[in-house]
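Dear colleague,

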Amino acid sequence: MKTLIRTAVTAAALATVTAACTSSTGGSAPPPKATSLGAVRLVAYSSCDDALAGLREQAAANVTAYGFGGVMPFAVAQDAAAESKARVAATPEHSTTNVHEAGVDEPDLVKTDGNRLITVADGTLRIIDTATRKITGSVKLTEGEGGPGLPGDLLVSGDRALVLMRGGDIMYKARSIGPPGDTRYVVVDLAGEPKVLSTIRPQGSYVDARMIGSTVRLVTRSQPDIAFPEPKQNATEADLVKANQDAVRRAPVDAWLPKIEITDASGAVRKDTVACERVSHPADYTGTSMLTVHTIDLTQGVTAAGTDPISLAADGDVVYGTGQSLYVASNPRWWFPVARPLPVEEPPASSSDAVAPAVEPTPDDPAVSPPTHRPTPTTPPEETQVHRFDITRPGAPAYVASGKVPGRLLNQYSLSEHDGHLRIATTVDSGDEKTSSSSVYVLRADTLAKVGEVGGLGKGERIYSVRFIGPIGYCVTFRQVDPLYTLDLRDPAAPRVTGELKITGYSAYLHPGGEGRLIGIGQEASEQGRTLGTQVSLFDVSDPAAPRRLSQFFQKDSGSGAEWDPHAFLYWPKTGLSVIPLNKMNESGALVLRIGDAEVKELGMIKHPKQRQEGGYSYEPGIQRSLVIGDSLWTVSYEGVQVNDLATLSSQAWIPLR
């Protein structure tokens with residue numbers, strides 16, 4: 001079983017690396033297939049019989065000899081710059097989670113309201129009083145299985161917190177190689193000693209969530225609960241496909257309808273199923289996956305309406321939210337059929353021990369070896385589907401439209417809603433990457449029909465970062481050098497490239513700085529494209545026709561989690577203070593910089609106390625988050641929270657979490 005899980009993960013990781021990494025070599029490959037562009041009609045099922053017939057038909061057409069496919073998305077968190085305006089007089093000035101859109105909060109492993117710092121690690125929520133710098137309350141959210149590294153994210157509104165605990169990916173269940181992890185959403189009362197008010201266990205895996213005010217929208221992804229027959233000795237692939245299709249055609253509608261289990265504070269359990277009339281589907285869909293959007297108002301908790309779920313027969317792995325809309329996007333045909341093994345010998349240990357990379361691969365990472373028993377699927381078309389939900393009213397969101405564009409998204413920053421339009425940046429990968437290129441499409445937000453496009457960005461390269469700021473877009477592509485493109489999007493029907501800056505290396509995350517300034521976090525690279533270490537760049541973009549780099553900080557042989565997780569980046573506009581996690585050789589900590597109008601200046605490095613383990617081994621904890629609270633800089637690792645003076649960086653307190 002252990003070998004199988006690794007094989008499944010490695011297969012997905014191999015495809016991820018293939019799509020994500022750039023290379024200067026490779027054989028010829030056919031040009032990418034053209035993809036039609038336009039709105040994709042959403043259709044609601046008229047009855048459960050209608051839903052069952054449609055889902056069976058579509059799923060049977062898409063099942064393989066190895067079951068259903070699953071997606072292994074990048075676990076890339078997103079960001080932006082939004083500072084809280086309304087504060088209680090006694091509350092210290094403080095930073096917030098770095099978010100993509102102002103006013104739209106995103107889940108993160110730590111939250112603060114200035115008076116309290118709330119974090120969750122190893123299945124336990126803890127509250128730290130920022131005045132006394134002591135833990136004033138904690139509550140264990142798991143029933144004994146919480147161990148080191150158990151993932152969990154937070155959203156907080158007033159005295160209510162919602163903890164989002166990720167279970168195993170649906171790819172495991174879809175391939176019948178073991179039960180999925182326990183995804184759960186836990187509502188916690190923070191007033192006084194923290195206590196659990198309710199626990200929601202949805203079917204499937206947690207994708208992402210957004211909160212506006214006190215209302216949270218959670219997106220969960222599930223696949224049909226169908227038991228496929230065990231492969232018979234000497235069965236052909238055609239035999240396996242037919243047997244799986246027969247299993248699909250016998251499955252009841254209940255196999256597709258997502259389930260929800262809600263446990264209240266008294267321990268009473270209530271089980272719900274999404275009703276057929278609350279399920280819709282695009283005109284073109286696979287029937288192999290379901291997206292469910294749950295709605296919870298934290299001021300009310302889980303009421304008689306439960307999580308008010310609605311579902312869409314589609315797949316999704318990227319969530320983007322604004323004050324009016326919730327978008328879920330996916331590459332619906334990018335799936336990897338890896339499942340139960342055929343009755344053959346186990347592969348040698350050297351191939352079965354390959355594991356997926358822990359972070360998003362960079363161009364200079366070693367390739368991941370393919371597993372021995374991975375089937376070869378037909379190359380899927382390069383396209384991204386995006387679904388829009390209207391969230392302007394209380395309660396469940398309303399479907400608005402679906403659309404598709406050629407190419408694949410990098411992350412949520414590839415999406416931006418502005419002035420009634422959705423901008424989408426994608427890369428179409430040729431396979432050998434020699435003819436890969438990227439484009440920005442402009443769609444009407446109400447229909448998701450195409451209005452305009454601009455293409456030809458970074459031929460032979462892929463997108464490494466995108467940022468839309470009002471009517472201007474910034475896009476970084478990379479293979480050997482880093483073109484930073486500026487785009488004029490004021491006319492939705494005629495977007496255009498206005499400027500280009502070529503420098504070595506790349507920016508994996510772009511953040512708005514001061515007036516006419518853009519900050520880039522990424523890697524420096526040689527002229528041949530080999531990455532050399534972390535770089536922080538300050539760009540002058542005041543003239544869209546002539547972007548230029550004003551200053552660069554470079555740390556050889558290092559990497560930063562802020563490259564793939566923008567929540568790890570802190571930018572304090574008041575002083576230009578910036579903090580990123582940094583790992584170099586045998587050191588871990590947080591790099592503190594000051595980014596002014598013309599210069600990136602290093603201020604110092606913060607490290608958490610060394611942790612000693614049995615046998616005399618010691619290590620420096622990796623810092624994951626940084627926050628400004630009053631006159632102090634707070635940094636968070638799994639081992640603890642440290643407080644440093646904001647001006648001198650001298651240590652003020654250490655609060656262990658273990």
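In this predicted model, strand β24, which spans residues 437–444, is mostly covered, with seven of its eight residues buried. The strand belongs to an open sheet of four strands, arranged in the order β22-β23-β24-β25 with antiparallel pairing. At the edges of that sheet are β22 (415–418) and β25 (450–457), each of which pairs on one side only. Neighbouring strands of the sheet are turned against each other by 20° on average, if direction is ignored.

Going through the sheet pair by pair, you will find that β22 is joined by four bridges to strand β23, residues 421–428, and that the two run antiparallel; here leucine 415 has isoleucine 424 in β23 as its bridge partner. Between β23 and β24, which also run antiparallel, there are eight bridges, and one place to look is threonine 426, whose bridge partner in β24 is serine 439. Five bridges then join β24 to β25, again in an antiparallel arrangement, with valine 442 bridged to glycine 452 in β25. These two strands, β24 and β25, form a hairpin with five residues between them, and in the turn leucine 448 has a positive phi of about 60°.

Strand β18 (residues 318–321) is joined to β19 by four bridges, and the two run antiparallel; they form a hairpin with three residues between them, in which glycine 321 has leucine 326 of β19 as its bridge partner. Strand β19 itself, residues 325–330, is mostly covered, since six of its six residues are buried. Ser325, Tyr327 and Ala329 point one way from this strand, while Leu326, Val328 and Ser330 point the other way, and all of them are buried. On to the next partner, β19 and β20 pair in the antiparallel sense over six bridges, and serine 325 is bridged to aspartate 390 in β20.

Within strand β20, which covers residues 383–390, I would draw your attention to threonine 384. Is this threonine 384 buried or exposed? Threonine 384 counts as buried because its relative accessibility is 1%, and the cut-off for buried is under 20%. A polar atom of the threonine 384 side chain lies 2.7 Å from the backbone oxygen of glycine 407. Leaving aside residues up to four places away in sequence, threonine 384 touches several others, among them Ala329, Ser330, Gly407, Leu409 and Thr426.

The aromatic residues deserve a separate look. Elsewhere, the ring of tyrosine 464 has the charged end of arginine 462 sitting over it, 3.9 Å from the ring centre.

With best regards

Notes:
Residues numbered from 1 in each chain as written. Predicted model: local features only at pLDDT ≥ 70, side-chain atom pairs only at ≥ 80, totals over all residues. Heavy atoms only, no water. Buried < 20%, exposed > 50% of the residue type's maximum accessible area, 1.4 Å probe, protein only. Polar contact = N/O pair within 3.5 Å; in protein donor to acceptor, adjacent residues only side chain to side chain. Contact = heavy atoms within 4.5 Å. Pairing = 2+ DSSP bridges. Axes fitted to C-alpha atoms, helices over the stretch in contact; angles between N-to-C directions. Lys NZ or Arg CZ within 6 Å of the ring centre and 35° of its normal.
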